[in-house]
Amino acid sequence: VGTPRATIDGVFGLWPDQGFVRVYSGADGSEIANTALAFPNGNSLLGTAIAGGFDTDGDGKRELAATVEGLDQVSIFEQASTDGGPLFEIATLSGADTATIRFQDFGRVLANVGDVTGDGVDDLAIGAPGSDLLSGGFFSSFNAGAVQVVSGATWTVTGTLVGPNNLDRFGSALASVPDRNNDGGRELVVGAPGAHGRDRLRRRP
């Protein structure tokens, strides 16, 4: 559970809107893991979105992804043991601008989309629905939106999808569905609420 508006009492005083993430047992509702950022920063808004269920190295210690909206990043945390305990940050992801995409709202939506890259490990999709597209150094589409697919094995970007039109807000919702085209991989479904009359089913990148 993410509480992005939580205030943290740190060594140097209170950190408003620092955010906190807690994991609760599905059996009895007890708290089994929790985390804040290792280096507190007011207005970090940790926990705006969460996706879990990853196990990168098969050691039984699960990883989860949490958006840090105030820092425009997604942090990857791993639990201390298979029995729970604190969560430790092991990686950070950021929507680095490219020659064709200016990322906005990075991490507004996160989803464990299963193995869409075909490497046997569940992957992470990151929605950035406010992203703008550029062509020749000039803006070509505003709020078209973008989605990055990140390998759950290496936490590196394996593909990027974009909305083709102004105000599509492509990446506002994410999910995966079973293999629809018999290629052996799951499919990624992307919501674009601003796209009038266009439904899109994206294949794995």
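Modeller: In this predicted model, contact means that heavy atoms lie within 4.5 Å.

Colleague: With which residues is Gln148 in contact, leaving aside its neighbours within four places in sequence?

Modeller: Gln148 is in contact with Ser94, Phe103, Phe106, Leu124, Ala125, Ile126, Val157, Gly159 and Thr160. Gln148 itself belongs to strand 15, which covers residues 146-150.

Colleague: Why is Gln148 called buried?

Modeller: The relative accessible area of Gln148 is 8%, and buried means under 20%; therefore Gln148 is buried.

Colleague: Where does Trp155 lie, and why does Trp155 count as buried?

Modeller: Trp155 is found in the loop between strand 15 and strand 16 (157-162). Its relative accessibility is 10%, and the limit for buried is under 20%, so Trp155 counts as buried. Trp155 is also among the residues with the most contacts inside the largest nonpolar core, which has 20 residues. Strand 9 (84-94) and strand 12 (124-128) are among the elements that give two or more residues to this core.

Colleague: Why does Asp105 count as partly exposed?

Modeller: Asp105 has a relative accessibility of 24%. Partly exposed is the range between buried, under 20%, and exposed, over 50%; therefore Asp105 counts as partly exposed. The loop that holds Asp105 runs between strand 10 (101-102) and strand 11 (109-112).

Terms used:
Residues numbered from 1 in each chain as written. Predicted model: local features only at pLDDT ≥ 70, side-chain atom pairs only at ≥ 80, totals over all residues. Heavy atoms only, no water. Helix = DSSP H or I, 4+ residues; strand = E, 2+ residues; numbered from the N terminus. Buried < 20%, exposed > 50% of the residue type's maximum accessible area, 1.4 Å probe, protein only. Core = buried A, V, L, I, M, F, W, Y, C linked by side-chain atoms within 4.5 Å.
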